[in-house]
Amino acid sequence: MDAFLITAGHIDGQESEALDPGRIEPETFGPASGPVDAGEMNFDAFDLDGDGTVDSRVVHSDDAVVIVSDFDRDGSADRLTTIESDGDYSAWECRRDDAGSLVWQKIDAGAL
C-alpha cells in the first residue's frame with residue numbers, strides 16, 4: 001500500500017475530531033466518516049504487514065470487533081475492518097479522492 005499522510009485532527013483545512021474506533025457503528029460507517037483514531041498500539045496490538053512495527057489494534061465496540069491499522073504511522077487509521085456479531089464483515093481503506101478529500105472506500109465485504 002502506498003503511504004500517504006492523513007492527520008488525525010485535520011481534513012481539507014478544517015479541524016475535525018478523529019472517531020474513536022470503539023464507537024464505530026458498522027451500519028453507518030462509510031465514505032464520509034472522516035479520520036479514525038488509531039490510538040495507542042500497545043494493547044491487543046499486532047504487526048499485520050510484517051515489517052517489524054506494530055501497526056494494528058483490535059477494539060471491541062458494542063456490536064462488533066473493529067480492527068484499525070495505521071500503516072503510515074501518523075496516528076490515524078488507513079484501513080479498518082469490522083466483524084459484526086452476526087458474522088457480517090467489511091473492510092475499508094482510506095484515501096484521498098481526485099479533489100483531495102479524505103474518503104473511505106469499501107474494499108471487501110461478506111459473511112463469515
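Why does Trp104 count as buried? Trp104 counts as buried because its relative accessibility is 2%, where buried means under 20% relative accessible area, exposed over 50%, and partly exposed in between (1.4 Å probe, protein chains only). The model is a predicted one, in which local features need pLDDT of at least 70 and side-chain atom pairs count only at pLDDT 80 or more, while totals for chains, interfaces and linings use all residues. Residues are numbered from 1 along each chain as its sequence is written, and side-chain values use heavy atoms, with hydrogens and water left out.

The protein has 8 strands and 0 helices; helices (H or I, at least four residues) and strands (E, at least two) are DSSP runs, numbered from the N terminus. Read from the N terminus on, the elements therefore follow the pattern β-β-β-β-β-β-β-β. Of the 112 residues, 37% count as buried.

An open sheet of 6 strands is found in the order E3-E4-E5-E6-E7-E8, and its pairing is antiparallel. The edge strands are E3 (45-46) and E8, each of which pairs on one side only. Two strands are taken to pair if DSSP finds at least two bridges between them. In general, strands of a sheet pair through backbone hydrogen bonds, either parallel or antiparallel.

Within this sheet, strand E4 (residues 56-60) and strand E5 (residues 64-69) run antiparallel and are joined by 5 bridges. A hairpin of 3 residues connects E4 to E5. Val59 has Val66 as its bridge partner in E5, and Ser56 has Ser69. On to the next pair, E5 and strand E6 (residues 79-84) are antiparallel over 6 bridges.

The side chains of E6 alternate along the strand. The bridge partner of Leu80 in E7 is Trp92. E6 and E7 form a hairpin with 3 residues between them, and Gly87 in the turn has a positive phi of about 95 degrees.

Trp104, the buried residue of the opening question, is placed in strand E8 (residues 102-111). The C-alpha atoms of Trp104 and Arg79 are separated by 8.6 Å, although the two residues are 25 residues apart along the chain.

Charged side chains were examined next. In general, side chains of opposite charge can pair when their charged atoms come close. A salt bridge is a side-chain nitrogen of Lys or Arg within 4 Å of a carboxyl oxygen of Asp or Glu, and the count by this rule comes to 2. One of them joins Arg79 to Glu93, with an N to O distance of 2.7 Å. This pair links distant parts of the chain, with Arg79 in strand E6 and Glu93 in strand E7, 14 residues apart. Arg79 counts as partly exposed because its relative accessibility is 26%; Glu93 is partly exposed as well, with a relative accessible area of 25%.

Another salt bridge is formed by Arg73 and Asp51, whose closest N and O atoms are 3.1 Å apart. This pair also links distant parts of the chain: Arg73 lies in the loop between E5 and E6, Asp51 in the loop between E3 and E4, and they are 22 residues apart. Asp51 counts as partly exposed because its relative accessibility is 40%. The phi of Arg73 is near 55 degrees, a positive value in a residue other than glycine. Most residues other than glycine have a negative phi, and most peptide bonds are trans.

A negative surface patch is formed by Glu25, Glu27, Asp62, Asp63, Asp86 and Asp88. Patches are made of residues with over 30% relative accessible area and no salt bridge, like charges being joined within 9 Å and nonpolar side chains (Val, Leu, Ile, Met, Phe, Trp, Tyr) within 5 Å. Lys and Arg count as positive and Asp and Glu as negative, while His and the chain ends are not counted. The place of a charge is taken as NZ of Lys, CZ of Arg, CG of Asp or CD of Glu. Asp88, one of the patch residues, lies in strand E7 (residues 88-96). Asp88 counts as partly exposed because its relative accessibility is 31%.

Notes:
Accessible areas come from the Shrake-Rupley method with a 1.4 Å probe; for residues, only the protein chains shown count as cover.
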